[in-house]
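Keep the 3D view open as you read.

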Amino acid sequence: MAKKIRDETIIDALLISATVRSAAAKLEINEQTIYRRKRDPEFMQKYNEARVSAAAEILRQTVKYTEITDIMQQLDELEAWRREQEQR
């Protein structure tokens, strides 16, 4: 009996996998199941929306990381300045 698997589950696996083969392996399904789903326009719309959403989240996290890095650098500079002032 074929394994029934939700589109969202396949999409999640595709988003975290480098290849269709590795996504299929994670889900313990045949690669052809994923390729068959990818021929469905409705599935591809969901998949593309998920990819855009994931990319946007990565960009948001990158901006946050950059901001935190900048703040940490400023704090380091302030600490260095404070130590210099204490030595005077």
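The axes of α2 and α3 come within 8 Å of each other and cross at roughly 115 degrees. Axes here are lines fitted to C-alpha atoms, for helices over the stretch in contact, with angles running from 0 to 180 degrees between N-to-C directions. Helices (H or I, at least four residues) are DSSP runs numbered from the N terminus. On the α2 side, the contact is made by Val20, Arg21, Ala23 and Ala24, and on the α3 side by Glu31, Ile34, Tyr35 and Lys38. Contact means heavy atoms within 4.5 Å.

Before going on, a word on where this comes from: the model is predicted, so local features need pLDDT of at least 70 and side-chain atom pairs count only at pLDDT 80 or more, while totals for chains, interfaces and linings use all residues. Residues are numbered from 1 along each chain as its sequence is written, and side-chain values use heavy atoms, with hydrogens and water left out.

Back to α2. Which of its residues are buried? They are Val20, Ala23, Ala24 and Leu27, where buried means under 20% relative accessible area, exposed over 50%, and partly exposed in between (1.4 Å probe, protein chains only). These four cover an arc of only 100 degrees around the axis, which puts them on the same side of α2. The arc is taken from the directions from the helix axis to the C-beta atoms. Arg21 and Ala25 sit on the other side of α2 and are exposed. The buried set packs against α1 and α3.

Now for α1, which spans residues 7-16 and has Asp7, Ile10, Ile11, Ala13 and Leu14 as its buried residues. Seen down the axis, they fall within an arc of 165 degrees, so they line one face of α1. Their cover includes α2 (20-27), α3 (31-38) and α4 (41-86).

What does the largest nonpolar core look like in numbers? It has 14 residues, and those with the most contacts inside it are Ile10, Leu14, Leu27, Ile29, Ile34 and Phe43. The elements giving two or more residues to this core are α1, α2 and α4. A nonpolar core is a set of buried Ala, Val, Leu, Ile, Met, Phe, Trp, Tyr and Cys residues joined through side-chain atoms within 4.5 Å.

| Residue | In contact with (within 4.5 Å) |
|---|---|
| Leu14 | Val20, Ala23, Ile34, Phe43 and Tyr47 |
| Asp7 | Arg37, Phe43 and Lys46 |
| Ala23 | Ala13, Leu14, Ser17 and Ile34 |

Aspartate 7, in helix α1, counts as buried because its relative accessibility is 13%. Its side chain is joined to that of lysine 46 by a polar contact of 3.2 Å. A polar contact is a pair of N or O atoms within 3.5 Å; within protein, one must be able to donate a hydrogen and the other to accept it, and residues adjacent in sequence count only if both atoms are side-chain atoms. Alanine 23, in helix α2, is buried, with a relative accessible area of 0%. Its C-alpha atom is separated by 53 Å from that of arginine 82, 59 residues apart along the chain.

Last stop: glutamate 28, in the loop between α2 and α3. At 67% relative accessibility, glutamate 28 counts as exposed. Just after α2, this residue takes a positive phi of about 60 degrees. Most residues other than glycine have a negative phi. The C-alpha atoms of glutamate 28 and valine 52 are separated by 26 Å.

Notes. Lists of a residue's contacts leave out its neighbours within four places in sequence.
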